[in-house]
Amino acid sequence: MASDCPTFAPWYAERSAAADVLDADGDAFIAYNPGVITCADYLDAADVLVVAEDQLGYLHNFEAAEWMAAYDPGRFWLLAHDTGASVLGDTLQWVRDNGIGWVYLTNDRMPNPWDALPSYWDEEVAAVSAD
């Protein structure tokens with residue numbers, strides 16, 4: 001949350017600096033996942049920031065923070081599980097409308113919705129690639 005920025009933004013920055021030291025080629029890609037809207041300070045330490053992670057039904061209440069408009073959508077990522085293929089197109093449009101450039105949708109469920117690709121993976125790749 002934004003109120004946590006003075007505490008956690010420096011912590012993330014330290015990890016980013018460590019990753020830079022370990023990345024001899026300079027091609028590391030750093031994504032941080034607080035899973036909620038935080039503050040712009042987190043972007044100082046990451047290439048991409050996960051701004052929302054939950055079941056899709058809960059994420060439709062998501063409101064982008066005002067500060068997000070100052071950044072390229074490619075700096076933000078949304079992760080949604082329990083998402084059916086029938087809402088793929090509408091969900092991708094909603095993601096774009098909210099200024100989010102990265103998205104991963106799956107119909108997998110808790111306790112670990114990230115342990116398998118969605119059954120509609122080919123359709124998801126095609127839909128994202130069409131943009």
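**Close-up views of a predicted model**

A search of the whole structure finds one salt bridge, a term for a side-chain nitrogen of Lys or Arg within 4 Å of a carboxyl oxygen of Asp or Glu. This is a predicted model, in which local features need pLDDT of at least 70, side-chain atom pairs count only at pLDDT 80 or more, and totals for chains, interfaces and linings use all residues. Residues are numbered from 1 along each chain as its sequence is written, and side-chain values use heavy atoms, with hydrogens and water left out.

**View 1. The salt bridge between Asp82 and Arg109.** The closest N and O atoms of the two residues are 3.2 Å apart. The pair links distant parts of the chain, 27 residues apart: Asp82 is in the loop between strand S3 (76-81) and helix H3 (88-97), and Arg109 is in the loop between S4 and H4. Helices (H or I, at least four residues) and strands (E, at least two) are DSSP runs, numbered from the N terminus. Asp82 is partly exposed, with a relative accessible area of 23%, whereas Arg109 is exposed at 55%. Here buried means under 20% relative accessible area, exposed over 50%, and partly exposed in between (1.4 Å probe, protein chains only).

**View 2. Backbone details at Asp82 and Pro111.** Asp82 is not a glycine, yet it has a positive phi of about 55°. The peptide bond from Met110 to Pro111 is cis, with omega near 20°. Pro111 lies in the loop between S4 and H4.

**View 3. Aromatic pairs of Tyr104.** The structure holds eight aromatic pairs; rings of Phe, Tyr and Trp (its six-membered ring) pair if their centres lie within 6.5 Å, and planes under 30 degrees apart count as stacked, over 60 as edge-to-face and the rest as tilted. One of the pairs is Tyr104 with Trp114, tilted, at 5.9 Å centre to centre and 55° between the planes. Tyr104 is in strand S4 and Trp114 is in the loop between S4 and H4, 10 residues apart. Tyr104 is buried, with a relative accessible area of 16%, while Trp114 is partly exposed at 32%. The rings of Tyr104 and Trp121 have centres 6.1 Å apart and planes at 55°, so this pair is tilted.

**View 4. A nonpolar surface patch of Leu117, Trp121 and Val125.** Together these residues have about 260 Å² of accessible area, from the Shrake-Rupley method with a 1.4 Å probe, where for residues only the protein chains shown count as cover. Patches are made of residues with over 30% relative accessible area and no salt bridge: like charges are joined within 9 Å, nonpolar side chains (Val, Leu, Ile, Met, Phe, Trp, Tyr) within 5 Å. Leu117 is exposed at 55%, and Trp121 is partly exposed at 31%.
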